[in-house]
Amino acid sequence: MVKNTYTTKLAGHDLIVESGEVAKQANGSVLVRFGNTTVLSAVVSKTGTNDSDFFPLTINYEEKKYAAGKIPGGFIKREGKPSDSATLTARMIDRPIRPLFPDGFKDEVQVTNIVLSAEPDCSPALAALFGSSLCLGISDIPFKGPVSAVEIGRISHDLVLAPTQSQLRESDLDITVAGTTDSINMVEAGCNEIVEEDILDALDFGEREIRRLCQFQSKIISEIGLPKRSFLVEPSDPALISEVTLQAQEPLTKAILTNNKQEQDENITAVKNMILDHYAEQLESQTSATSFDLTVINNILEDLEKKIVRKLISVDKVRSDHRAVDEIRPLNAKVDYIPRVHGSGLFTRGQTQVLSTLTLAPLSEGQTIDELGEERVKNFIHQYNFPQFSVGETGRMRAPGRREIGHGALGERALSPIIPQTNVFPYTIRLVADVLGSNGSSSQASICAGTLALMAGGVPIKAPVAGVAMGLVKDEQNYTILTDISGMEDHLGDMDFKVAGTRQGITALQMDIKVAGVDREILQRSLEQAKKARLQILDVIEATIPAPRERLSEFAPKVETMKIKQDQIKVVIGKGGETINKIINETGTKIDIEEDGTVRIMSSKQNMIDRTESIIKTLTKKVKVGEVYESTVVRIEKFGAIVELFHHKQALVHISQLQAQHVNKVSDVISVGEKLPVKVTEVDTHDRIKASHRALVESNSSKNSNFNQRSDKKSSHDRQYHKKAPQFVIKQKGEK
């Protein structure tokens, strides 16, 4: 195969596509170079391997540490399971691509993206999505693409295409939008309380560039793309469909129009089983003139259920639980549901219920993120759990999957803009959302529950955040937008558009659709309806707890911040951490020391914080000439005594400074452990201290001072003091 190369520009960087040189055994493969970022995308599909009724598409995104010049950590030194970031990227690629496969195509398809080189300012994720679409486009696999995506930021109200890392730090908007040449079909956004109209402008801005990138792909596909292979679709039997519909439509409609999810599921299953049993009897008795099997009957019933739900919504404007199209299910909010945790919130919307719990910890317990970019520490963590009992099912309890990681990240993105900075609130914050019941929109309920937990825990958030999921039922002529979609409406509808924000504006967006795309009108109406719902939910939240509590929970650790000089850090830490560990063991506190000398002391007991602060102040206290201390003798040498002025701060009292008269032997006048009042006489540039008891005796003798001259404890020996006594050197902790 001949190597083919195509080039265009994206945000000032070269976007180069190469095909035909590597991964030649795949159905389709391309090497995408975006700046210095290089991603290999390859797709493989096996025909006739799937007998199920779903389309088995797998999108993989693999980050190789060598792409950023790193070696993986740990003992094994090789890549393990994907990072959360890689998992989220795989989901982001899957969402706009999955709807573009033709109905009835069920062959197994696997797309693999390998990041070979990563330049932080040229997104590997967007290069991988571009490559995934293009390798499908040039392969023989049926695919109704191409699809492309761009990232958009905003600095000083100016929209920026493909923002750099430094630009993103200044941006109040970070939107990834994907689509085809005709319309948008995926949105993922984090915003700093942006109004709806500005969001729409950003989407329009991105859509223009998406259209250009899709046209670039179409040119490549037209030149080197393979003919699309045919696939078998089971032929429909109009007579059988009509017959099953006649029997099932009325009872199935009644089953669907049930408020309670469990009853609804049971009633729908009962109707389907009744119809299947009827046709099973016909097969056994061979009385039917029509050739069929029960799988065909079941598929007809599944299609009929979808048609009934969609007709009820789009034509009759009736939802399965009898709500209006813009009506939210009943809401309930509680705080302090769990004792002893640092904060908790229970949020219920219809049959969807989420419990969120708050934990506060030192900044040192933040999550270290070591991905292809620079290593960083995350001090706000939001996690989401979806146990099987929440939908009345059984199953294995497994580690978080793509769905849990994705919903947790969405909640984190929605809440991050209102979380206080660490210099204002010096804690690592962890929120855990446990879904206790689910009938749609559980990810948005987790955001509402998280807001309740934060406020109950006394975290000084900027403003409450609420979220709601919008739906869509669309045919060729009409469309209906649904507020607060249920599980059935999510499953059988055309859109899942999650919108979270404060009263001021949007903080997070996520849109997935099952149709080819949506236009600005649908997006605008969806955002307007979502805002109305969001304000209703915020009313309920604020009625439950109007503002963050002024005090933290009695079980939450308290933090005091103090500052020491940078050259004093080693004094507090000590050799091998000896000093700081001793303080921690004595007080039970946690201590964080930053490079600039900021010290944070954390404990649930204020008296232990005060004790720790006192010890550190003593350790770092600078001794000045002329100060007087009630010292303790810690060592005796021939040339004098070593005394401790205060905690680990020692001084030399020369033998000549012990008394006013001549002293033959140090041990004659003083012993280890005795108290000795001294006056500091010298502090040199190396912080070595000399002190004198004699100076106090002489200065106070005329004033009847309490400092009395010490008498010899032992008989004096007429010995002359050796004038060449070695110089005493006080070493700081950690010095050699």
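Two strands are said to pair if DSSP finds at least two bridges between them; helices (H or I, at least four residues) and strands (E, at least two) are themselves DSSP runs, numbered from the N terminus. The structure described here is a predicted model, in which local features need pLDDT of at least 70 and side-chain atom pairs count only at pLDDT 80 or more, while totals for chains, interfaces and linings use all residues. Residues are numbered from 1 along each chain as its sequence is written, and side-chain values use heavy atoms, with hydrogens and water left out.

The account begins with a sheet. Strands E22, E24 and E23 form an open sheet of three strands in the order E22-E24-E23, with antiparallel pairing. Its edge strands, E22 (558–563) and E23 (590–593), each pair on one side only. Neighbouring strands of this sheet are turned by 20 degrees against each other on average, direction ignored; the axes behind this angle are lines fitted to C-alpha atoms, for helices over the stretch in contact, and angles run from 0 to 180 degrees between N-to-C directions. E23 and strand E24 (residues 598–603) run antiparallel and are joined by four bridges. Lys590 stands opposite Met602 in E24.

A loop between E22 and helix H12 (569–573) contains Gln568. Gln568 counts as buried at 8% relative accessibility, where buried means under 20% relative accessible area, exposed over 50%, and partly exposed in between (1.4 Å probe, protein chains only). Although Gln568 and Leu619 are 51 residues apart in sequence, they are 8.5 Å apart in space, C-alpha to C-alpha. Leaving aside residues up to four places away in sequence, Gln568 touches Thr620 and Lys622; contact here means heavy atoms within 4.5 Å. The side chain of Gln568 also reaches the backbone oxygen of Thr620 at 2.7 Å.

Another antiparallel pair is formed by strand E7 (residues 148–155) and strand E8 (residues 158–161), over four bridges. Arg154 stands opposite Leu159 in E8. The hairpin of E7 and E8 has two residues between the strands, and Ser156 takes a positive phi near 55 degrees there.

UniProt, in an unreviewed entry, lists Asp490 and Asp496 under "binding site". UniProt positions are given in the numbering used here, feature names are shortened, and annotations may be inferred rather than shown by experiment. Asp490 is placed in helix H10 (residues 487–492) and is partly exposed, with a relative accessible area of 28%. Asp496, in strand E20 (residues 495–501), counts as buried at 11% relative accessibility. Not counting residues up to four places away in sequence, Asp490 touches Ile485, Asp496 and Lys514.

The cysteines remain to be considered. A search of the whole structure finds zero disulfides, a disulfide being a pair of cysteine sulfur atoms within 2.5 Å. Cys122 counts as buried at 0% relative accessibility, and Cys191 is buried with a relative accessible area of 4%.

Terms used:
A polar contact is a pair of N or O atoms within 3.5 Å; within protein, one must be able to donate a hydrogen and the other to accept it, and residues adjacent in sequence count only if both atoms are side-chain atoms.
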